[in-house]
Amino acid sequence: MANDHILTLSCPDKPGIVHAVTGIFAREGLNILDLQQFSDPTSEKFFMRVHFGPTPTESTAHLRAPFDGLAADYQMDYDIRPVAQKTRVLIMVSKIGSCLNDLLFRAKTGQLPIDVPVIVSNHTEFASLAASYGIEFHHLPVTKETKAQQEGQVLELVKKHDVELVVLARYMQVLSPTLCEAMSGRIINIHHSFLPSFKGAKPYHQAYDRGVKIIGATAHFVTADLDEGPIIEQRVARVDHSMSPKELVDEGSNVESQVLAAAVKWYAERRLFLNKTKTVVFS
């Protein structure tokens, strides 16, 4: 995939978009390797992801002028990114490390196209794990009184490390509206239940008390409304009456890791688009 790139775009839906976009690639002598598109009749928005290449060099500067013109004509937001460029991710975690472990392993083995330059936690449990991966670890404890200061430190780390995405890998603190707004569309959370059911503390114990037959996990974008952000991915696992709360937790942790990894992968591969209160995912 040397010199391959990804074009992503969204705009108000109207006739001629696909023709206009593909025409630029044809005129520039570039091959379209994969193209996915979606027109939402409700929001009346159009979304497209194009994998194209190879370009003669790593630079796509020659495409800026035609796509800037197209963006002006169609009120379009677009981005062009090398396939080989990894997404820089800051991971936040509290005391449960299953999702953190999974993300770090997948990143190290090349299953996730991400770089993790820094891990932030309000506890110290995973400092040694971060060190084993050669990742900078910041212990940033937080209270109601220090939340603004602590989140300011998080934003400083985002800027310092050129972070594109913040991942809450079982980070058990509610983010302030200020941080949610500053990183809008760039924070993904894993919720350890199948939203909208069983919110709050100990969802698996809630599920046990209700005698559910499936449990699940939800990855979503973070907004100021607790656990109400646009849903990215959901998966479930079957359970039965014989399983204890601990067994539900163990089964649930596997689902959580899978769901969060999928959401991070789709974001890093530019397959994920915000569409008002929903998402479009070209999986």
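The lining of the second largest pocket in this predicted model divides by class into 10 nonpolar, 7 polar and 3 charged residues. This pocket holds about 380 Å³ of space. Its lining is made by 20 residues, and those that lie nearest its centre are Tyr171, Gln173, Asn189, Leu226 and Asp227. Strand 9, residues 187-191, gives the largest share of the lining of the second largest pocket, with 3 residues.

The largest pocket has a volume of about 470 Å³. Among the 19 residues that line the largest pocket, Gly185, Tyr267, Leu272, Phe273 and Leu274 lie nearest its centre. Two or more lining residues come from each of strand 1 (5-12), strand 3 (45-52), strand 4 (77-82), helix 8 and strand 12 (272-275). By class, the lining of the largest pocket has 9 nonpolar, 3 polar and 7 charged residues.

Helix 8 spans residues 245-268, and its axis comes within 9 Å of the axis of helix 7, residues 203-210, with a crossing angle of roughly 125 degrees. That angle makes helix 7 oblique to helix 8. The crossing of these two helices is right-handed. On the helix 7 side, Tyr204, His205 and Tyr208 make the contact, and they meet Pro245, Leu248, Val249, Gly252, Ser253 and Glu256 in helix 8. The residues of this contact are 5 nonpolar, 3 polar and 1 charged.

Helix 3, residues 98-108, packs against helix 8 as well, with axes that come within 9 Å and cross at roughly 45 degrees. Helix 3 and helix 8 are therefore oblique to each other. Here too the crossing is right-handed. Helix 3 contributes Ser98, Cys99, Asp102, Leu103 and Arg106 to the contact, while helix 8 contributes Ser253, Glu256, Ser257, Leu260, Ala261 and Val264. By class there are 5 nonpolar, 3 polar and 3 charged residues in the contact of helix 3 with helix 8.

The axes of helix 1 (residues 17-27) and helix 2 (residues 64-74) come within 11 Å and cross at roughly 170 degrees. Helix 1 and helix 2 are therefore roughly antiparallel to each other. Ile17, Ala20, Val21, Ile24 and Phe25 of helix 1 make the contact with Pro66, Phe67, Leu70 and Tyr74 of helix 2. The contact of helix 1 with helix 2 has 9 nonpolar residues, with no polar and no charged ones.

Two points of backbone geometry remain. Most residues other than glycine have a negative phi, and most peptide bonds are trans. The peptide bond from Gly53 to Pro54 is cis, with omega near -5 degrees. Pro54 sits in the loop between strand 3 and helix 2. Arg170, a residue other than glycine, has a positive phi, near 65 degrees. Arg170 is placed in the loop between strand 8 (165-168) and helix 6 (177-182).

Conventions
Residues are numbered from 1 along each chain as its sequence is written. This is a predicted model: local features need pLDDT of at least 70, side-chain atom pairs count only at pLDDT 80 or more; totals for chains, interfaces and linings use all residues. Side-chain values use heavy atoms; hydrogens and water are left out. Axes are lines fitted to C-alpha atoms, for helices over the stretch in contact, and angles run from 0 to 180 degrees between N-to-C directions. Helices (H or I, at least four residues) and strands (E, at least two) are DSSP runs, numbered from the N terminus. Angles under 35 degrees count as roughly parallel, over 145 as roughly antiparallel, 65 to 115 as roughly perpendicular and the rest as oblique. A crossing is left-handed if the near helix is turned anticlockwise from the far one by less than a right angle, and right-handed if clockwise. Contact means heavy atoms within 4.5 Å. Ala, Val, Leu, Ile, Met, Phe, Trp, Tyr, Cys and Pro count as nonpolar, Asp, Glu, Lys and Arg as charged, and the others, Gly among them, as polar. On a 1 Å grid over the protein atoms alone, a cavity is a set of points where a 1.4 Å probe fits but cannot get out, and a pocket is an open set with protein on both sides within 12 Å along at least five of seven lines; lining residues have an atom within 4 Å of a point. Grid points are joined across faces, edges and corners, and a volume is the space filled by probe spheres set on the points.
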